[in-house]
Amino acid sequence: MTGSSKLLENSWMSHFFLSTFSNVADMNAKEPPIANVERQCVDLLLSEGKRLDGRKLLDFRSLDISFAHERGGVYVTLGDTRVFTQVSCDVTKPSVTRPFEGVLQLNLDLTPMASQGFEMDRSGHCTGGELGLEANRIIERCVRDSRCVDLESLCIISGEKVWRIRVDIKVLNHEGNIIDCCCISAITALFHFRRPDVTVTEERVQFHSSREKALIGLNMQHMPVCVTIAFFDQGRIVLLDPTRLEEAVMHGKMVIAVNNHKELCTIHLTGNSSRSSTRAGSCCWTRLASRRPSCTARW
């Protein structure tokens, strides 16, 4: 074999291995590391009461809500973070312990399209890592465990047939604070959703189409909303609605879910800020009622 043929063979093999392993690396790509200059820039601005996007420390980003043609489909954009939620329903058998209640099921999908830090496992399912598990847990506590939906109203025949409400949340773009955005999207979709009407007789159960009878909305008992509070400088600096870069630099955070009756639904605290709870109570609770994101809704 001549030197030129060996060179061609080596170049072809190197191209093959580089393309193969580069595809594998792209599938399991992680978030790019934050440079020290970026950290120092964020810390310096926060120490002066400023942020990179021009907001004040206790300001939210603009909130945009648009509705799909199908009932229960909602797009929510918080700054550059974008989430789509679709609510659907079907009939299932209730659990043995709760024969009078329907089922509320939530599914959070963090696709690699939203962020290259959302890795896929060997089965091809994207879990989002620790952020995905944390977001899924908080959203379940805020929406399902707070019992904002009257599950007893979803009962068709006790112990036999109930409505199962499925809430599919898909993160389309992650630019920080996906928990608040997902919570707003899920609650709005539940209010927007309509299910078919049902007539129960001794002989059968008849489901009516939208042409026969008007669709029925869910019985919502309250409206919980999550608010994320980020801590910097060991809890000495507090801000609301952190961006993606601010989340990568922050020392800790607190997620608070409050409903329209000013009742605390859930609270979640992470990080190493020892003064987190006291700073949050003194700096944020007094202004949450007045500091609301500017919201636009489109049909």
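Keep in mind that the model is predicted.

**Stop 1: the ring pairs**

Tyr 75 is partly exposed, at 28% relative accessible area. Tyr 75 and Phe 84 form an aromatic pair. Their centres are 4.5 Å apart, with 40 degrees between the planes. Why is the pair called tilted? Planes under 30 degrees apart would count as stacked and over 60 as edge-to-face, so 40 degrees leaves the pair tilted.

The structure holds two aromatic pairs. For the other, select Trp 163 and Phe 207. Their ring centres lie 5.7 Å apart and the planes stand at 80 degrees, so this pair is edge-to-face. Now colour by strand. Trp 163 sits in strand S6 (residues 161-173), and Phe 207 in strand S9 (residues 205-207). The pair links distant parts of the chain, 44 residues apart.

**Stop 2: Lys 253**

Move to strand S13 (residues 252-258) and pick Lys 253. Lys 253 is buried, with a relative accessible area of 6%. Which side chain makes a polar contact with the side chain of Lys 253? Show Glu 134: the polar contact between the two side chains is 3.3 Å. Next, display the contacts of Lys 253, leaving aside neighbours within four places in sequence. Among them are Ile 179, Thr 228, Phe 231, His 268 and Thr 270.

**Stop 3: the sheet around S13**

Zoom out to the open sheet. Four strands form this sheet, in the order S12-S11-S13-S14, with antiparallel pairing. Which strands stand at the edges? They are S12 (237-240) and S14 (264-271). Each has a single partner strand, so one side of each is left without a neighbour in the sheet. Look along the strands: neighbours are turned by 20 degrees against each other on average, direction ignored.

Select Phe 232 to see one end of a bridge; its partner in S12 is Ile 237.

Finish with helix H4 (residues 178-192). H4 packs on the sheet and touches S11 and S13. The direction of H4 makes about 175 degrees with that of S11.

Notes
Residues are numbered from 1 along each chain as its sequence is written. This is a predicted model: local features need pLDDT of at least 70, side-chain atom pairs count only at pLDDT 80 or more; totals for chains, interfaces and linings use all residues. Side-chain values use heavy atoms; hydrogens and water are left out. Rings of Phe, Tyr and Trp (its six-membered ring) pair if their centres lie within 6.5 Å; planes under 30 degrees apart count as stacked, over 60 as edge-to-face and the rest as tilted. Buried means under 20% relative accessible area, exposed over 50%, partly exposed in between (1.4 Å probe, protein chains only). Helices (H or I, at least four residues) and strands (E, at least two) are DSSP runs, numbered from the N terminus. A polar contact is a pair of N or O atoms within 3.5 Å; within protein, one must be able to donate a hydrogen and the other to accept it, and residues adjacent in sequence count only if both atoms are side-chain atoms. Contact means heavy atoms within 4.5 Å. Two strands pair if DSSP finds at least two bridges between them. Axes are lines fitted to C-alpha atoms, for helices over the stretch in contact, and angles run from 0 to 180 degrees between N-to-C directions.
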